[in-house]
Amino acid sequence: MTSAQLTALEGAPYEVWASHTDPDHGMLAAAPYTFLEPKGLLGDDYAAWLLAACTERGIGVVVPGKERERLGHWQPAFAEAGIALIVPADEATQRHLERKDEFLRAWDTAILPIPRWTTFEDSASFEDGLKALKLDGVRLCVKPARGIYASGFRVLMERPDLNSFLKGELYQMSVAAAREMFASGELPTMLLMHTLEGAERSIDCVAWQGRLIRAVVRRKGEHGQRLEHRPDLVAAAQKIAQTYNLSGIFNFQTKDDGLRVPHMLEINARASGGLRYSMAAGINFPRLLLDAATGTLNWNTLPAVRTGLSVAEDKVVRVMGTAELAEPEVELG
């Protein structure tokens with residue numbers, strides 16, 4: 001959980017613990033009880049350590065942020081110890097959602113349409129993809145089949161654009177630059193797809209055992225975000241939760257085409273980085289999740305979603321202490 005989610009649990013009838021490998025991480029400052037995780041633990045070793053650490057402290061519900069996929073098949077072991085381990089779905093489903101090529105290939109377009117797309121893994125298949133998807137007036141974009149937070153995403157430009165460069169447009173590159181880069185080494189599986197030029201939305205959801213609890217639709221803008229009333233996208237969220245039998249906080253991204261029809265881009269089986277915007281709609285996502293996991297959620301009195309709001313983020317500074325920070329050593333000569 002993030003600092004914002006932990007802060008939202010203040011006053012809830014839960015003893016909240018947080019753990020991290022970094023003793024200075026902000027989420028540890030936001031939780032009343034904390035412990036440190038050993039660095040470098042992954043996979044089953046991490047899962048075994050986490051089980052022992054939670055058993056030792058009497059923790060009854062775990063919402064992991066690390067190794068969620070691998071932890072998917074550890075639920076029975078945690079349950080045997082009396083601990084509810086909340087992972088968004090089983091390991092195979094999480095892996096399916098993380099691999100964007102597999103996900104798009106199997107996606108039910110009756111829920112939402114998707115942009116035209118293909119994959120490439122080398123220069124030759126990149127050129128094949130350019131020819132197959134080329135359409136007058138439509139820009140293409142690339143991104144890795146596995147990645148988060150727009151890592152590796154770029155919109156392709158026919159030629160270098162000085163104005164975009166001067167304005168600091170980080171998510172654009174020329175086709176020539178892409179050709180040079182993709183010829184330079186071995187590539188992971190990459191997606192090449194039509195870029196939709198309409199409104200971009202992020203839908204934050206919380207669900208339990210395939211049943212949607214609440215969803216908040218936010219439209220991204222240059223100066224903040226808008227919380228919208230979109231029954232069509234909430235209906236899509238219900239179908240997604242049911243289709244993948246999701247439990248937890250998850251997110252999906254859409255973008256409109258020229259006719260303002262939203263298209264599915266991806267599903268993230270985790271909380272989005274922008275969840276704090278959606279929490280301004282009056283939805284306490286972590287509290288609803290914990291109430292559902294502990295059987296105390298009243299499905300008949302769920303909080304209403306406030307829409308029609310424009311929201312923005314204020315950056316804050318946290319005082320970490322009064323000790324002087326050590327300066328990095330500089331090698332001379």
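Start by selecting the open sheet of six strands, which has the order 14-13-10-11-12-15 and antiparallel pairing. Strands here are DSSP runs of E with at least two residues, helices are runs of H or I with at least four residues, and both are numbered from the N terminus. Two strands pair if DSSP finds at least two bridges between them. Before you go on, note that this is a predicted model: local features need pLDDT of at least 70, side-chain atom pairs count only at pLDDT 80 or more, and totals for chains, interfaces and linings use all residues. Residues are numbered from 1 along each chain as its sequence is written, and side-chain values use heavy atoms, with hydrogens and water left out.

**Stop 1**

Now zoom in on strand 13 (residues 248-256) and strand 14, which run antiparallel and are joined by six bridges. Show threonine 254 there, and you will find methionine 264 of strand 14 opposite. Contact means heavy atoms within 4.5 Å.

**Stop 2**

Move to the open sheet of five strands, with the order 5-9-6-7-8 and mixed pairing. Its edge strands, each pairing on one side only, are strand 5 (117-120) and strand 8 (172-174). Here the twist averages 30° from one strand to the next.

Inside this sheet, pick strand 6 and strand 9, which pair in the antiparallel sense over five bridges.

**Stop 1: helix 6**

Select residues 91-98, which make up helix 6, and show the side chains of Glu91, Thr93, Gln94, Leu97 and Glu98, which are buried. Buried means under 20% relative accessible area, exposed over 50%, and partly exposed in between (1.4 Å probe, protein chains only). Turn the view to look down the axis of helix 6: the buried residues fall within an arc of 165°, so they line one face of the helix. That arc is taken from the directions from the helix axis to the C-beta atoms. What covers these residues includes helix 4 (68-71), helix 7 (100-106) and strand 14 (262-268).

At the start of helix 6, find aspartate 90, where a side-chain oxygen reaches to within 3.2 Å of the backbone nitrogen of alanine 92. Glu91 is also part of a network of salt bridges that links Asp44, Arg70, Glu91 and Arg95.

**Stop 2: salt bridges**

A salt bridge is a side-chain nitrogen of Lys or Arg within 4 Å of a carboxyl oxygen of Asp or Glu. Searching the whole structure finds 16 of them.

Select glutamate 197 and arginine 139, whose closest N and O atoms are 3.0 Å apart in a salt bridge. This pair links distant parts of the chain, 58 residues apart: glutamate 197 is in the loop between strand 9 (190-194) and strand 10 (200-208), and arginine 139 is in the loop between helix 8 (123-133) and strand 6 (140-144). Glutamate 197 is partly exposed at 49% relative accessible area, and arginine 139 is partly exposed at 28%.

Continue to arginine 276 and glutamate 313, a salt bridge with its closest N and O atoms 2.7 Å apart. Arginine 276 is in helix 12 (residues 275-279), while glutamate 313 is in the segment after strand 15 (309-311), 37 residues apart.

Finish this stop with aspartate 232 and arginine 230, a salt bridge whose closest N and O atoms are 2.7 Å apart.

**Last stop: glycine 40**

Select glycine 40, in the loop between strand 2 (33-36) and helix 3 (43-57). Glycine 40 is exposed, with a relative accessible area of 70%. Draw a distance from its C-alpha atom to that of threonine 21, 19 residues apart along the chain, and you get 8.9 Å.

Note on methods:
Polar contact = N/O pair within 3.5 Å; in protein donor to acceptor, adjacent residues only side chain to side chain. Axes fitted to C-alpha atoms, helices over the stretch in contact; angles between N-to-C directions.
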